[in-house]
Amino acid sequence: MFPHRSAFLAPLAALLGACGGTAPPPPTQTAAQEPAPTPLMKADAEWKTALTPEQYFVLRQKGTERAGTGKYDKHLEPGTYVCAGCGHELFVSDSKFDAGCGWPSFSSPATPAGVKENPDASHGMVRTEVTCAKCGGHLGHVFDDGPAPTGLRYCINSAALGFKPKSSK
Ligand code: FE
């Protein structure tokens, strides 16, 4: 644990909260339609070696990148967003929209079983955390101020994502 983590995260958390997120929705994913992915377990030291420092901070330490700094914030290319930790498919570009908050935003996950949603009461806020269903990596949070038809906004860190262009699939 980094000694300055709390001090570093507090203003970021405040920014995230100011991004329009109010009370989070209750978890809506039931994963009833498809099997959950086989969990990928790695020791912390392995993650540290495999990931960049920023990826490790977000995915394994539940960090938040600074608003507007992520490479996928304004990214509009058609394709699939995968977990930067394990390659699991998380979101498709069809569900991506510009929420104007500085983080990539999606109205739904690629598949209901692709992500997990967990209550998060850290940093003085009540939010719903979103994690990768395969490796457990922290992705971001989901808020109930997204566009129709879901009304959800999956606010995801670019550092937690990789991208596969549609043409390469
Ligand atoms: Fe993952």
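Two strands count as paired if DSSP finds at least two bridges between them. Strands (E, at least two residues) and helices (H or I, at least four) are DSSP runs numbered from the N terminus.

**View 1. Pairing of S1 and S2 in the predicted model.** The model is predicted: local features need pLDDT of at least 70, side-chain atom pairs count only at pLDDT 80 or more, and totals for chains, interfaces and linings use all residues. Residues are numbered from 1 along each chain as its sequence is written. S1 and S2 pair in the antiparallel sense over three bridges. Threonine 80 has valine 92 of S2 as its bridge partner, and valine 82 has glutamate 89 of S2. Five residues lie between the strands of this hairpin, where glycine 87 takes a positive phi near 85 degrees.

**View 2. The open sheet S2-S1-S9.** Three strands in the order S2-S1-S9 form an open sheet with antiparallel pairing. S2 and S9 (161-165) are the edge strands, each pairing on one side only.

**View 3. Cysteine 83 and the largest nonpolar core.** The core is a set of buried Ala, Val, Leu, Ile, Met, Phe, Trp, Tyr and Cys residues joined through C-beta atoms within 7 Å; buried means 20 or more other C-beta atoms within 10 Å of the residue's own, with C-beta atoms placed from the backbone. The largest such core has 32 residues, and Cys83 and Leu90 are among those touching the most other members. H3 (53-59) is one of the elements supplying at least two residues; its four residues are the largest share. Contact requires C-beta atoms, placed from the backbone, within 7 Å. Leaving aside neighbours within four places in sequence, the contacts of cysteine 83 include His88, Leu90, Cys132 and Ala160.

Key:
A residue is buried if 20 or more other C-beta atoms lie within 10 Å of its own, exposed if 12 or fewer, and partly exposed in between; C-beta atoms are placed from the backbone. Two residues are in contact if their C-beta atoms, placed from the backbone, lie within 7 Å.
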